[in-house]
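Take this structure one piece at a time.

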Amino acid sequence: LRSCSPGRARRTNASRRNGLVARFGDIYAEERLDAETLLRTYVSDMEMVRRIIYIAAVESFHAAKMAYRQFKIRVRETLSLGHSGPESLEDAVLDYIVRHEDLYDVQASVNEVIRSMNINPKISFPPEIDFIVISTLIRELCRVAFSMQTLIPPLDIAFSTDGELFSETKYHRSLDSDFTAVLVAYHVWPALMENDVVILKGEAVTKR
């Protein structure tokens, strides 16, 4: 193991949080649209394209959080053998992870996301094409989701279901929505949450 810097994670928490929130917004504005354009060359149904991207985002957060938990366990086991302070073991573990996020095997998470998407009953794809075509989007989402787990408190995306009551605090309506409808037909992008409070709205389509 490389050396770690005591207190680094807590000292840099606010600036890292701001950077990650901004990056999540950038992914929505840039990589998401690039993935949308790419998928439209294979899938004519815009709703299916949006569902694919949304599920990619949800699965990316799930895979990154699982990877973070496993990574943290390994680091804690290693550091506990020789830890003597002055900071707590938990702080030492977090400091190490923040300094060495490059050790996160993001490709393993990308592969896990694609496996999950291949068996998801809500989305379909031409059999000759693989979801790997949007691996750039998935990789960036996994990276930002992993980094968000190092924050105090960590950031996560909102839980959602098709047919849920539309929430003005959680989502913007897509322009092709029925603005009088009260139920979500499907989601375009997840809302970003901190301690169950929305800090960045997602996007959803409402229809009657």
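Helices here are DSSP runs of H or I with at least four residues, and they are numbered from the N terminus. This is a predicted model. Thr 136 is found in helix α7. With a relative accessibility of 52%, Thr 136 counts as exposed, because the cut-off for exposed is over 50%. Now look from Thr 136 to Val 182. These two residues are 46 apart along the chain. Their C-alpha atoms are separated by 34 Å.

Next, the domains. The domain assignment divides the protein chain into domain 1, residues 8-154, and domain 2, residues 158-207. The C-alpha centres of domain 1 and domain 2 lie 21 Å apart. How many residues of each domain are in contact with the other? On the domain 1 side there are 20, and they meet 20 residues of domain 2.

Turn to helix α4, which spans residues 46-80. Begin with helix α5, residues 89-99. In handedness, the crossing of α4 past α5 is right-handed. Which residues make this contact? From α4 come Tyr 68, Phe 71, Lys 72, Val 75, Arg 76, Leu 79 and Ser 80. From α5 come Leu 89, Glu 90, Ala 92, Val 93, Leu 94, Tyr 96 and Ile 97. Sorted by class, the contact of α4 with α5 holds 10 nonpolar residues, 1 polar residue and 3 charged residues.

The other partner is helix α6, residues 106-118. The axes of α4 and α6 come within 9 Å and cross at roughly 135°. That angle makes α4 oblique to α6. Here too there is a handedness to note: α4 passes α6 in a right-handed crossing. On the α4 side, the contact uses Ile 52, Ile 55, Ala 56, Glu 59, Ser 60, Ala 63, Ala 64 and Ala 67. They meet Ser 109, Glu 112, Val 113, Ser 116 and Met 117 of α6. The residues of the contact of α4 with α6 divide into 8 nonpolar, 3 polar and 2 charged.

Now the backbone. Pro 153 sits in the loop between α7 (135-148) and β1 (155-157). Is the peptide bond from Ile 152 to Pro 153 cis or trans? The bond is cis, with omega near -5°.

Further along, look at the loop between β4 (192-194) and β5 (197-200), where Asn 195 is placed. Asp 196 lies in the loop between β4 and β5 as well. Asn 195 has a phi near 50°, a positive value in a residue other than glycine. Asp 196 is not a glycine either, yet its phi is positive, at about 65°. Are these residues buried or exposed? Asn 195 counts as exposed, because its relative accessibility is 58%. Asp 196 is exposed too, with a relative accessible area of 74%.

Technical notes:
Residues are numbered from 1 along each chain as its sequence is written. This is a predicted model: local features need pLDDT of at least 70, side-chain atom pairs count only at pLDDT 80 or more; totals for chains, interfaces and linings use all residues. Side-chain values use heavy atoms; hydrogens and water are left out. Helices (H or I, at least four residues) and strands (E, at least two) are DSSP runs, numbered from the N terminus. Buried means under 20% relative accessible area, exposed over 50%, partly exposed in between (1.4 Å probe, protein chains only). Axes are lines fitted to C-alpha atoms, for helices over the stretch in contact, and angles run from 0 to 180 degrees between N-to-C directions. Angles under 35 degrees count as roughly parallel, over 145 as roughly antiparallel, 65 to 115 as roughly perpendicular and the rest as oblique. A crossing is left-handed if the near helix is turned anticlockwise from the far one by less than a right angle, and right-handed if clockwise. Contact means heavy atoms within 4.5 Å. Ala, Val, Leu, Ile, Met, Phe, Trp, Tyr, Cys and Pro count as nonpolar, Asp, Glu, Lys and Arg as charged, and the others, Gly among them, as polar. Domain bounds come from an automatic or database domain assignment.
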